[in-house]
Amino acid sequence: MSESESFEEVCREVLARVTPAKEERDEVICFSLRMAELLEEELRRRGVEGRVEVHGSVAKDTWLSGERDIDIFVVLPRSAGDRGLREVVEAAKELPLERWVEVYAEHPYLRAWAEGFTVEFVPCFEMEEGGEPLSAADRTPLHTRFVNEHLRPEQRGEVRLLKKFMLGIGAYGAEMRVGGFSGYLCELLIIAYGSFKSLLEHASRWRRGEVIDPAGHYGGRRWEVEAVFGEHPLIVVDPVDRRRNVASAVRKDKLATFIMASRLMLRRPSLRFFYPPEPKPLSERELREALSRSGTGLLVVRTRMGEPIVPEVLWGQVLKTEAAIKKLLESEGFRVLRSSPWSDEEREVAFVFELESLRLPAAEVRVGPPVWMFEDTLRFISKHLPSERRVRGPWIEGERLMAALRREFRDAKELLEHRLGDGGRDVGVGRIIAGWMREFLEVLVDEEAWSLCQESEGFSKALSEFLKGVPPWMEGWSP
């Protein structure tokens, strides 16, 4: 079997699984249209002028079988203002919904659940192509129009393959928790490269700062693109707004993941990229063995959620806090090898760090400036010579001043318990998480993490993946 045939066979099997059957297609479309009609009636009853439209992957026929997410937009005249936005949200609350939550981005919208579907009711303002949006949501109707005009019928399957591939490697979704590729970005990439395989072939050779301009706004003038967008890992110019980078949410690690997975999929095609094995909960014995093999230190910072907050706000706080704790550890001399945040988005938040060592030597050496830096050398001596933490020095080594100081914290657990006990706002912990930490903070080291594994299967699975250190789609790959 040739690699090309193997690639095609894998894609055929995946496509058969992810393409909605007629019954599912009819159910999704009927539900979407019914909700849109009900909202239209309620808006009319309230005297609100607006055009109700179904958008998202349903409107473009690129959704994956099993997905139950519906996007319903209300396009308002630009004169409607904040009052018009509020009227749409209040009107949506009157529909036959099982439950709903009001979500705030640039303006409020409603996320609701009904009949097994998740529906987002989003107000936006009318926008002409190339015009100035009043909010990010205003571009969505233009996005739908562009995709439906430029995506050929046979390419809708290619989009589905790409979305499932991105899901399998953990790079699908522009939300903060993922930092990956949105559905619209996937559609634009297929429009730009023609097919899933062609995209993988090109992506496997992408460089940092790759520029893709599906509508040809800049005519290949890279200098102009860089002048408008600055530096980004990936730049995909929005066809309906030449000043917007559709890939701005894509983090470096998720771009690198896609590039690497593309190379491996082309070299050795496998369903594993689309359907990676589910992580299994960690056993206590496996935890001990993993720690014994690595010889490194495991540190888990745990807190409990207070008031429920929407995932996008939660993960903004989580990522900010992860970075702050990592910076704190490194500033005190601990070497952080890897870190990963986790949350069940309902009760628990945890931050996992792998350290080169959980304990440090009693003293550290501070490297000062070269002797010909007049003011800097005087400041170094003035700071360290009278210090109570001074062990010896300052001395001159080569051309630089040096000093040995007694560490304030030698133990990573003690450091975090001391600095995070009051919430850690002074070290950069997110405001909401700082409030939770003041109520409950637990710092676990090595085998102590087993206690959280016993309480949460989700954390146990996440820790299992963390300790393996290899993504599921890469595990088992052979050249």
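Author: Let us begin with α5 and α7, whose crossing is left-handed, meaning that the near helix is turned anticlockwise from the far one by less than a right angle, while clockwise would be right-handed. This is a predicted model, in which local features need pLDDT of at least 70 and side-chain atom pairs count only at pLDDT 80 or more, whereas totals for chains, interfaces and linings use all residues. Residues are numbered from 1 along each chain as its sequence is written, and side-chain values use heavy atoms, with hydrogens and water left out.

Reader: Which residues of α5 and α7 make the contact?

Author: On the α5 side they are His143, Phe146, Val147 and His150, and on the α7 side Tyr184, Glu187, Leu188 and Ile191, where contact means heavy atoms within 4.5 Å.

Reader: OK, new topic: is Lys163 buried or exposed?

Author: Lys163 has 1% relative accessibility, so it counts as buried (under 20% relative accessible area, with exposed over 50% and partly exposed in between, using a 1.4 Å probe and protein chains only). Lys163 belongs to helix α6.

Reader: And what lies 3.2 Å from a polar atom of its side chain?

Author: That is the backbone oxygen of Thr62, 3.2 Å from a polar atom of the Lys163 side chain.

Reader: What else is Lys163 in contact with, leaving aside neighbours within four places in sequence?

Author: With those neighbours set aside, the contacts of Lys163 include Ser57, Leu64 and Tyr172, and also Gly183, Cys186 and Glu187.

Notes. Helices (H or I, at least four residues) and strands (E, at least two) are DSSP runs, numbered from the N terminus. A polar contact is a pair of N or O atoms within 3.5 Å; within protein, one must be able to donate a hydrogen and the other to accept it, and residues adjacent in sequence count only if both atoms are side-chain atoms.
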